Amino acid sequence: MSHLDPYGGEPRGWDRPDRPTALPWPEPDVEPAPWDRRPVPDRYAEPRGLTRPPADPYPEAYRGQPYDERPAGRNGHRDPDDYPTAQLEPVRPDREPEPGPDPEPPRGRRPRGRRRASADRPPTQPSRAGRNLPAAIAVGLGLGVGAILLPLFLYRPAFLVVVAAAVGVGVWEMARAVRRSGAHPPLVPLIAGGVLTVGLAWFAGPDALSLGLLVTVLGTMVWRLGDGPGGYQRDLTAATLIAVYVPFLGGFAALLAAVPDDGHLRVLVTLVAVVLSDTGGYAAGVAFGKHPMAPTISPKKSWEGFAGSVTAAALGSALLLWLLLDVAPWWGALFGLAVSVAAVLGDLAESMIKRDLGIKDMSNLLPGHGGLMDRLDSILFALPTAYLLLVVVAPVAG
């Protein structure tokens, strides 16, 4: 290739006019500038980008010696780049780095083992049934012995006070829970009407129980008028549900206990059947539960647990009714079977209400149980079933 003569003269190479101007160029539309107009790079200009800082590249042992007296490198020259790196001092930190915080574990699946306690998960893990079993047993025994058996066998009118108090607390929990759905049932007429319903059932029988429910609903309607028309139908629907669910069904406990001769025994066999149903269902569900009974309502209930509930209640009631009320064992087994089915349905009904409201427990009054309604759910459905069956299999004399 010929180059341009910087001292003038005839142009040589590809800048001669007799050569074609088109070049084998990747982009033919762009004409390259002639050689005489192209910028010549300045070799003495300051280089761009990162530059090497000036430093003495020789080892520390040869600093201060004249350049000629320093030993030659690998290639026989005194080029600093020829010195082997083994002669250089290794770079070490002046001090050991201070220990910092432990690195965070990578996010993903947590390794198997005990779960770490947090605000939402207490350090003591509940059982497979979702309860703190020691607290549940202690609270259950305390309520069963102190609040039910002692008043029922020592002074029966005191049991009426216990039933009225339980109804009042249950109404309060239900009214508090349904507010999550936007309903605001009036609390005062519901509690007053619930206590009145229980008292009427104790003193006047089944007809007065229905009258007490009617008075409660009418009193709620009148009381709610003072809050205006906004949400009236919604609040009244919630109030009617509470009045039927808690005071009306709870009033059957007063009907059972009000029987003159063996009222306390009727209440006892009913409660024992419910306890046997819950205990048998819990034991069978934990040991053999594999097939969910109602996964969208209560995922922990299984058909194996239901079979355990029915079996335990039937066997225990057959023996208990035969000993206490002189009822034939097959009638006692039927009684236990019906009470167990009603108890399970009551538990599922309250679970459906809680799932619809988006809550786990009605309240936190009872450790290991949640709210009082979480313990009364199965009993409330079992009470009218037991009352009706005992009227048939063990009629009241006279």
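1. Asp374 is buried, with a relative accessible area of 4%, where buried means under 20% relative accessible area, exposed over 50% and partly exposed in between, for a 1.4 Å probe and protein chains only. Asp374 belongs to helix α9 (residues 373–393); helices (H or I, at least four residues) are DSSP runs, numbered from the N terminus. The model is predicted, so that local features need pLDDT of at least 70 and side-chain atom pairs count only at pLDDT 80 or more, while totals for chains, interfaces and linings use all residues. Residues are numbered from 1 along each chain as its sequence is written, and side-chain values use heavy atoms, with hydrogens and water left out.

2. The side chains of Lys354 and Asp374 form a salt bridge with an N to O distance of 3.0 Å, a salt bridge being a side-chain nitrogen of Lys or Arg within 4 Å of a carboxyl oxygen of Asp or Glu. Because Lys354 lies in helix α8 and Asp374 in helix α9, the pair ties together parts that are 20 residues apart in sequence. Lys354 is itself buried, with a relative accessible area of 12%.

3. Lys354 also forms a salt bridge with Glu350, for which the closest N and O atoms are 3.8 Å apart. Glu350 and Lys354 are four residues apart in helix α8 (residues 329–357), and therefore separated by about one helical turn. Glu350 and Lys354 are both buried.

4. Across the whole structure, a search finds six salt bridges. Among them is the one between the side chains of Arg266 and Asp262, at 3.0 Å from N to O, and both Arg266 and Asp262 are buried.

5. Helix α5 (residues 232–257) has 26 residues, which at 1.5 Å a residue should span 38 Å, and its end C-alpha atoms are 37 Å apart, in agreement with that value; the expected span is 1.5 Å times one less than the number of residues. A kink of about 25 degrees lies at Ala243 in α5, shortly before the proline Pro247, the bend at a residue being the angle between axes fitted to the seven residues ending there and the seven starting there. Of the 26 residues of α5, 19 are buried, so the helix is largely enclosed by the rest of the structure.

Methods. Helix = DSSP H or I, 4+ residues; strand = E, 2+ residues; numbered from the N terminus.
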